[in-house]
Structure formats: structure tokens, C-alpha cells
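Subject: Two-chain model, handover and notes

Hello,

My notes come after it.

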Amino acid sequence: MADIPEDILRRSAEARAKAEGRPVEEVLAEMTGEAPAASSPAEPAPAGTEPAPAPAPPETAPAAPPVASGNGGIDVAALSVETGVPEAILLRATRARAKHDGLPDPTIATPAGGGTAVATAPPPTTTAPAPAPAVPEGVRTQRLLTVVKAGAIQQVKREPTDKVSVWPHLLAIEFVALLVILVVLTAVSIFVDAPLLEFANFNEQPNPSKAPWYFLGLQELLAYFDPMVAGVFIPTFGLIALMFIPYVDRNPSIRPSDRKLAIMIFTFFIVAAAILTIFGSFFRGPGFNFVFPWRDGIFFDDLLTILD
Amino acid sequence: MAEGNGNGGITGLLNDLSEQFRSSQVWTSIFRPGSPFRGGYSDTPRNRSYVVMNNVMYHLHPVKVKRHGVRLSYTLCLGGLSFFLFVVLTITGIFLMFYYRPTSPQAYIDIQALATDVAFGQFVRNMHRWGAHLMVLTVFLHMTRVFYHGAYKPPREFNWVVGVILLLLTLLLSFSGYLLPWDQLALWAFTVGSTMGSYAPVFGDSVSFALIGGVQISADTLLRWYVLHVLFLPFIIVLFMSVHFWRVRKDGGVSGPL
């Protein structure tokens, strides 16, 4: 557990110290001291070592007893009482293990200092008792027993990451963000009415006629290019290019300093789109000709209703 | 709530009552174990996990997220706000559907009536319209945020593609609603937008015919875009949103830190 980053450990200790009203150093010392014992799960002998003569206690056992049975045979009955595993199952598991390893049946008591194979087996590392979880009344606990071959155990180490609970931390932020946007939207909706001009008239085209604002960049392009280019090719190509960004940009780094080119290109197009949209919205008047909004007025119906 | 009792008075009584109510069978059948709405909720790590894990919230959020992902300045909540605006637009949109007939000239009259005959009609319409504009903005900003964080890189490539499709669908949803008031602004803005489709090479005329439901814009166009706006596009966008949210979680949540 020594691989928990220092800062995470420290923050955790500070939080606990604050909650319990104790000095940070004391809590920190306690955590670093106790952490290995408290957090190492009761597991069978580590992979790679010779199998222990006794079956490992089940992982869920609230208090894994010391199973090192010395040099003698294994007292299955005593073990059964300690672990709560039925005696018959323990007996069968122990015999099967011994048979598999080619050892003499360990359940038959041998004189102390006997069986060499048993003697060389290292004491299991499962002596650290896991703290018994507080089980509320009326809750039935269950126990699972499984036979795991020593070679099948893989020790996977996971990098500890700095994580926080979604509730309350993330959900609280999201809720506030939601309220803020709702308040803004409500306030705008109270004070600004959505536009409604005269009844649709096919014979009277307003001058200029403009698309919704998010298409005004494209409409602006229509002033420079052939309609097929501005109206079809550029938007289609733009969408496809957007979708292909992850497959074209093979640079694995996400640090801004490593991806200057990507950021530059993307920013260029975003700014270009913004400029075209602003230009189409405010700087185009009758006949879609160039105007200065401060001199000639605004020709953008959506916005006009807001200003009125 | 023992302290409440100790204080006596109405507060204590109310506290007791509320605790009793929140522990009743009906209430606890609604809120699953670990819910903060249940009686006897305590702020423990286990309950913090249950709040998410035992509730419908688990479809959207894992139990824990990276610390930097919670920082407001990292995501600016833009994705979540886009989704929230979609919900607001759905609710206000359903309200508007009660009072709207997609025929000519009835559509225009109905929109006028919203302002005069319907309680909160104009207000809800305003919310729908400004909310739609806002959603286009938040979706777009969400995309730029994701780009600058490099959050489209493996394993999130496909979710970026889904996101671009969602941006397109958002634009289409907004645009399809633009025609519905059936006023001069709607008609001619829509004309400008839909004419672009007719410039497509080879299929130009067919595209145009399909878009406006005839050779020129008419009441048929209105019905066509109404159905697109209230049924077809929302249906499609919900499908893509489901995939999008699912992949956010499966691809490891918020990317980074930088």
C-alpha cells in the first residue's frame, strides 16, 4: 500500500483528522502504520509460493484465524469451528490439495516434526485479521467457498486514483448549474418575447431574408462561393472532417503543449465560423449587401425583437 | 430526531412526524435503500455509494469520479446543461403541442393565441425558443471544450463521432422548429435554409422535393417539418444521446487531467 500517492494520503488524513478532531500527524501516522494490515484482504497464500498444507480460509471470513498448523497434521475439526466452514468440506478440500501436490494426507496426524513437505511450507500470510464488518441485526450474511488453484491467482495491482463520491460532490454542482441555467432562461423568457412577424406570405419576400443565426455563417459563404460549394460541399465536408478528427489526429498526448498544431487548426476553423456568423448576422443588410450595424441598423429579425 | 423531541414544541413534533412518514412502507418502497429521502439516512461512505448505485442515477453517473472532473472549470457542466435544456425543451414543447395545429393558416393563429388566450402560453413559448438557441450554443461549446481537452482520443474516438451527430441533430431540431410559427420570419428563414439542400449535385431536385414535401413550400411542408420536429428528430436524438452517455461511462468518464 506504499504506492498510494503522498498527497492523497495526506488529504485523506486531514479530512479524517478534521472529522475526529485529532491532530493530522497522529492520524497520518496511524494510517500509514495500519494501512497495510487493515486494507490487505485475507487472501490465500500469494501466488508463486508453495501451496500451504491447509486450504486457505474463505475470503469473506470475518476473522481469518491463523491456520499455520505447525508440523503436525491439520486439525480439521478445530479449523472448522474457527472458520465456520463445514468440517466435511474442509476435509475434502485438504485431501484433494494434498493428493494434487503428491503429499501424504495431512489430515492424518503425523508426529511433530514429521512430513518434510509440510514442514517446508511457509506459514500462510493470512494471519492479519480483517476487521469484522458491523452487520446490522436481521441481515443474513452469506459465505462463499471456492477452491482456487494457486497458479490461477493473479495479483493485479491497480493504480490508486484520486476519486470523489458523485453524491454529494458532483450531483450538488450539477444541481446548482441546472438551477442557474433555469433562472437565466426563466428571466429571459419573462422579459423578452419570442418574435412573431406577420402571417407567412409567399408573395412578399423580406429584404434581406436570413436563415437562423447558426446557419448565417453558411449563408455568408454563399456570398463568396457557388451555391453548390457553399451550400453543400463545405458543410458536408466540414461535418465529415469533424467526425474524422480522432482518426486523423494520432497524437496520443492530451497536454496542450504537445498538440499545438491540432489546437491551432481547430481554433482557426472555430474562429472563422464565428466571424462568418457574426458577419452574416450584423454586417449584411438589404440584398445581403455589406452594412455597418451602428450606422445602418441591424437587419436580423431574431435579434431585433430582443432589442425592441 | 431525539433532539427535536427534547426541544419539545412544534419543530420536534414535525421532525418526529416527518421521520415516521419517511420510514413508512409506502415511502421506503419508492426510495430505495441509501436514498437521502429515506428516514434514518446518515452520511456514510456506504450511503453515498447507494445514492447513486441504487437509483436511476446509476444510468448517468458512476459511484465515484475523478476529482478533477468535478471541478466546475474543467467541464463547465456544458454537456449536462445541454441535456437539461433538452429536457426543458421537451416539457415546454409538449405544452405547446396542446395548442398548436400544423395547418395553414391555423398554425399562425394558434401561435398568436398563445400570447392572448393561454395561461403562460407566451412565457412557455419564449422558454422554448430561447432554450433552443441556448442549447445550440451549449452543444457547440461542449464540443469545443471536449476538443481542447483532447477528450476525443482513444478510447473515446467513437463517442466524439456520436457527439458530432448530436450537434447535427440539435441544429436540425432547432431548424425544423423554426418554420412552425408560420410567420414571415419562419417562412423565409426556412426558405433560405432549405434552398441550400437543392444545390446538392445530381439529387438536388429530389432532396428539395423531399425536404419541402412538394415543388414549393406549402402547408404540406409545415406538416412534414412538424412531424420531424416533434417525433422523428427527438426520437433519433434520444437514441444517440443514450449511446453518448453510455459511452462516456464505459470509456472511463471525464478525460484528463491535462
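The notes below take the chains, then the contact between them, then single residues.

Please keep in mind throughout that this is a predicted model.

Chain B

The secondary structure of chain B consists of 13 helices and one strand. Read along the sequence, the order is α-α-α-α-β-α-α-α-α-α-α-α-α-α. The radius of gyration of chain B is 24 Å, whereas the globule rule gives 18 Å for 258 residues, so chain B is more spread out than a compact globule. A box drawn along the principal axes to hold its C-alpha atoms is roughly 80 × 50 × 30 Å.

Of the 258 residues in chain B, 47% count as buried. Taking the contacts in chain B with a separation of 6 or more, 62% are between residues 24 or more positions apart. The accessible surface of this chain is about 12,900 Å², and carbon and sulfur atoms account for 69% of that surface.

Chain A

Chain A has 11 helices and one strand. From the N terminus on, its elements run α-α-α-α-α-β-α-α-α-α-α-α. The chain has 308 residues, of which 27% count as buried. For contacts in chain A between residues at least 6 apart in sequence, 54% join residues at least 24 apart. Chain A exposes about 19,500 Å², with 64% of this supplied by carbon and sulfur atoms.

On the side of chain B, Arg67(B), Trp130(B) and Gln184(B) supply 11% of the area that the chain buries against chain A, more than any other three residues.

As background, most peptide bonds are trans. Two cis bonds deserve a line each.

- In chain A, the peptide bond from Asn207(A) to Pro208(A) is cis, with omega near 0°. Pro208(A) sits in the loop between α6 (166-191) and α7 (216-222) of that chain.
- In chain B, a cis peptide bond joins Pro154(B) and Pro155(B), with omega about 5°. Pro155(B) is in the loop between α9 (121-148) and α10 of chain B.

Positive phi values

Most residues other than glycine have a negative phi.

- Leu76(B) has phi near 55°, a positive value in a residue other than glycine. Leu76(B) lies in the loop between α6 (72-75) and α7 (78-97) of chain B.
- With a relative accessible area of 65%, Phe120(B) is exposed.

Is Ser176(B) buried or exposed? Ser176(B) has a relative accessible area of 0%, so Ser176(B) is buried. This serine lies in helix α10 (residues 157-178) of chain B. Leaving aside neighbours within four places in sequence, Ser176(B) is in contact with Trp225(B), His229(B) and Leu233(B).

Ser255(B) is found in the segment after α13 (219-250) of chain B. The relative accessible area of Ser255(B) is 5%, and because buried means under 20%, Ser255(B) is buried too. Which residues does Ser255(B) touch, not counting those up to four places away in sequence? They are Lys66(B), His68(B), Tyr74(B), His149(B), Ala151(B) and Arg156(B).

For a look at the model on screen, the cis bond between Pro154(B) and Pro155(B) and the surroundings of Ser255(B), which include Arg156(B), can be shown in one view of chain B.

Regards

Key. Residues numbered from 1 in each chain as written. Chains lettered and ligands numbered in written order. Predicted model: local features only at pLDDT ≥ 70, side-chain atom pairs only at ≥ 80, totals over all residues. Heavy atoms only, no water. Helix = DSSP H or I, 4+ residues; strand = E, 2+ residues; numbered from the N terminus. Rg over C-alpha atoms; globule rule 2.2 N^0.38 Å. Buried < 20%, exposed > 50% of the residue type's maximum accessible area, 1.4 Å probe, protein only. Contact = heavy atoms within 4.5 Å. Areas by Shrake-Rupley, 256 points an atom, 1.4 Å probe, with all protein chains shown as cover. Buried area = accessible area lost by both parts, 1.4 Å probe.
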